[in-house]
Amino acid sequence: MNKDKIWLSSPHMGGTEQKFVNEAFEQNWVAPLGPNVNGFEEDLKKYLFDSSSKEGAVAALSSGTAALHLALVMLGIKAGDEVLCQSMTFAASANPIAYQGATPIFIDSEEKTLNLCPKHLRTAIEDRISKGKKPKAIIAVHLYGMPYQVDEINAIAKEFDIPVVEDAAEALGSTYKGERCGTFAEYAVLSFNGNKIITTSGGGALVTKSQSAKEKAVFLATQARDAAPHYQHSEIGYNYRLSNISAGIGRGQMQVVDERVKARREMHEFYVDLFSEIEGVKVHSAPNEDFFSNHWLSVVCLNEEETGGIKREDLRLHLEELNIESRPLWKPMHLQPVFKNAPFYGNGVAERLFENSLCLPSGSNLNQEEKDRIKAGILSCFKKQK
Ligand SMILES: Cc1ncc(COP(=O)(O)O)c(C=O)c1O
């Protein structure tokens, strides 16, 4: 273990971040508002909407989780409501349902994109309605940057008149049919956590369909202060705004976002090449050209019968010995102790993916020497046990 650790996904600065942060200090905008917050929101809005005919606005927030929570607040989700949510995801997609005192109803994935399965989604909606409760929202996730089946999910949402919250935390730079992820739903969520495609050290954004919805989100995110010279409140508010310092990092990062997407996609190609020499391992890739993934994390799926008995955990532990980080896919929410009583609709796809798939180092800053180490590590794992 004497070699430096190779991380799954680490922050990658572009060089101009510090300039924006310094400006914030020089102008004393050391607060959760200021020119960097406005500039970062503008950069994101341009990136998401300039190449599209859609309209939208962006509110910069303290995290993706805060953005998800505000989306549910804006949709009026309250105690006793039911909210449909992709089971295979990070806990942050589902936790805000519980913050509101609502019940999550978890839905299985399909194998093409690993995301929300339209078939099980429909079954769940029909079943919940037949039990007397129509779900109030659908949380759909573009996992590891791969767009979910947007047309199919949107068609079901429209048919039953249920709003979608698009969890694009991992999908900045991904597109579906040429439109950017983050623009497909009533509300969309981005994350700029340290491991994401771009980072503000910690931060997120809520994407809305209108400027007025954004203004409402900002109002709620700044303690819901009524227009009065004193502090007056008619609604429950939150302290969810992004700091002007963090937003400065974000402005620098937005200057290199396309390079970051390109580098992550090259890592995916690197694994496609590498595993073409290895039996029984499939690199998760776009099902067709409608789906353009930023490949935030590259994912491989192992078929034990074809790998000569090598399992996901064998590969993970082998890489760990070589100081190379890898990680099983998100453990599905319906298997989490904290959500053990929540209903689930599915037939084992997410569970199987969790058992046999692995996320591999995918950072945009991996150098040739690190790639060589990853390649040698993976090849030695499959040689050793064959
Ligand atoms: C799918 C998904 N949703 C939501 C979040 C929450 O974002 P944050 O960490 O910015 O709160 C993350 C990442 O952390 C995520 O991967």
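I count a pair of N or O atoms as a polar contact if the two lie within 3.5 Å. The model I am reading is predicted.

At Asp167 I noted an N or O atom of the side chain at 2.7 Å from a nitrogen atom of the ligand. Gly64 takes part through its backbone, where an N or O atom is 2.8 Å from a ligand oxygen. I then looked up the area: the ligand exposes 380 Å² when taken alone, and the protein buries 94% of that.

Ligand, shell. I listed the elements that give two or more residues to the shell, and they are α3 (64–74) and α4 (91–99). The most comes from α3, with three residues. The ligand is surrounded by 17 residues, and the closest are Thr65, Asp167, Glu170, Ser191 and Lys196. Sorted by class, the shell holds eight polar, six nonpolar and three charged residues.

Sheet. Next I looked up an open sheet of three strands, which I wrote down as β7-β6-β11 with antiparallel pairing. The edges are β7 (179–180) and β11 (291–292); each has a single partner strand, so one side of each has no neighbour in the sheet. I checked the pairing of β6 (residues 175–176) with β11 and found two bridges, the strands running antiparallel. Across this pair, Thr175 is opposite Phe292 of β11.

Conventions: Residues numbered from 1 in each chain as written. Predicted model: local features only at pLDDT ≥ 70, side-chain atom pairs only at ≥ 80, totals over all residues. Heavy atoms only, no water. Near = heavy atom within 4 Å. Polar contact = N/O pair within 3.5 Å; in protein donor to acceptor, adjacent residues only side chain to side chain. Areas by Shrake-Rupley, 256 points an atom, 1.4 Å probe, with all protein chains shown as cover. Helix = DSSP H or I, 4+ residues; strand = E, 2+ residues; numbered from the N terminus. Nonpolar A, V, L, I, M, F, W, Y, C, P; charged D, E, K, R; others polar. Pairing = 2+ DSSP bridges.
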